[in-house]
Amino acid sequence: ASAPTGGASGILPANLRVFAEENGFKKNSDEYLYAHYTASAIGAFIANNMSVAGAQHGCLAEIGTSVAMATSAIIDLKLKDSTEHIEEKIEKIFNGVGIVMLALQGLACDPLFGYVEVPCVLRNTLLSILPLHAMAMVMNNYRPLLSIHCILDVVKRTGEILAKALRESGAGPLTCTYALCMLKAKNVEDEIIQLLEKKIDWAK
């Protein structure tokens, strides 16, 4: 399953499973199921307000949305016994989503040779901790300065001005630099390396 995309599919299940196991939620419980619904709703909400495609708005649209979905799910589970009204619970969920989206603003989508491996796998692993931190901030009543709609507008505009090379082009700095390093490792003449570097226009 993708959550919201294949390149960002590890964060939501990792967070939901760990949080559920550590807090006594059974996988067939209503609470666990509803947390998935909450995550899906947040994914759809983000998709309807910007996109979940790295080719459009950078990796924030993929990994960022995945982290936001996981954050919303575990906040939902955390608040299961809360006496707060539904509007207050939704506000906390949106606060968590806003925190992680702003924290990851402008994240480049620059996969090596266009494959969903490097740095995607690293980001799935290392950024899986963010939902727990965002949840802790929300539980301690932290609120983002901007509303969720304003935050999504910010990250959408940021993604739109990212250079094309940083939006899943398959020919971004990671791929080009890797290829140059491989040439160097094979003792290709420095003059050829310099010639290739001059032809790379990172701004396009």
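1. Contact here means heavy atoms within 4.5 Å. On that basis, residues 24 or more positions apart account for 77% of the contacts in the protein chain with a separation of 6 or more.

2. This is a predicted model, in which local features need pLDDT of at least 70 and side-chain atom pairs count only at pLDDT 80 or more, while totals for chains, interfaces and linings use all residues. Residues are numbered from 1 along each chain as its sequence is written, and side-chain values use heavy atoms, with hydrogens and water left out.

3. Secondary structure follows DSSP runs, numbered from the N terminus: helices are H or I over at least four residues, strands are E over at least two. The protein chain has 10 helices and 0 strands, and its elements read α-α-α-α-α-α-α-α-α-α from the N terminus.

4. The C-alpha trace of the protein chain spans about 70 × 35 × 25 Å along its principal axes. Accessible areas come from the Shrake-Rupley method with a 1.4 Å probe, and for residues only the protein chains shown count as cover. The protein chain exposes about 11,200 Å², of which carbon and sulfur atoms supply 57%. Of the 204 residues of the protein chain, 42% count as buried.

5. A nonpolar core is a set of buried Ala, Val, Leu, Ile, Met, Phe, Trp, Tyr and Cys residues joined through side-chain atoms within 4.5 Å. The largest one has 43 residues, and L12, I46, M50, I63 and M101 have the most contacts inside it. At least two residues of this core come from each of helix 1, helix 2 (30-49), helix 4 (63-78), helix 5 (86-103), helix 7 (130-139) and helix 8 (148-160). Helix 4 gives the largest share, 9 residues. In soluble globular proteins, nonpolar side chains tend to be buried together.

6. Leaving aside neighbours within four places in sequence, M101 is in contact with I46, M50, L60, G64, T65, A68, I151, L152 and V155.

7. S66 lies in helix 4 and counts as buried because its relative accessibility is 0%. The side chain of S66 reaches the backbone oxygen of A8 at 2.8 Å. Not counting residues up to four places away in sequence, S66 touches A3, P4, A8, I11 and L12.

8. T5 is found in the segment before helix 1 (11-22). T5 also counts as buried, since its relative accessibility is 15%. With residues up to four places away in sequence left out, T5 touches V52 and E62.

9. Aromatic pairs are rings of Phe, Tyr and Trp (its six-membered ring) with centres within 6.5 Å; planes under 30 degrees apart count as stacked, over 60 as edge-to-face and the rest as tilted. The structure holds 3 such pairs. One of them, F113 with Y178, is edge-to-face, at 5.6 Å centre to centre and 90° between the planes. F113 lies in the loop between helix 5 and helix 6 (120-126) and Y178 in helix 9 (residues 173-185), so this pair ties together parts that are 65 residues apart in sequence. F113 counts as partly exposed at 43% relative accessibility, and Y178 counts as partly exposed at 36%.

10. A salt bridge is a side-chain nitrogen of Lys or Arg within 4 Å of a carboxyl oxygen of Asp or Glu. By this rule the count comes to 4. Among them is E91 with R143, whose closest N and O atoms are 2.2 Å apart. E91 lies in helix 5 and R143 in the loop between helix 7 and helix 8, so the pair ties together parts that are 52 residues apart in sequence. E91 is partly exposed, at 33% relative accessible area, whereas R143 counts as exposed at 55%.

11. R17 is partly exposed, with a relative accessible area of 47%. R157 counts as exposed at 52% relative accessibility, and D153 is partly exposed at 34%.

Conventions:
Buried < 20%, exposed > 50% of the residue type's maximum accessible area, 1.4 Å probe, protein only. Polar contact = N/O pair within 3.5 Å; in protein donor to acceptor, adjacent residues only side chain to side chain.
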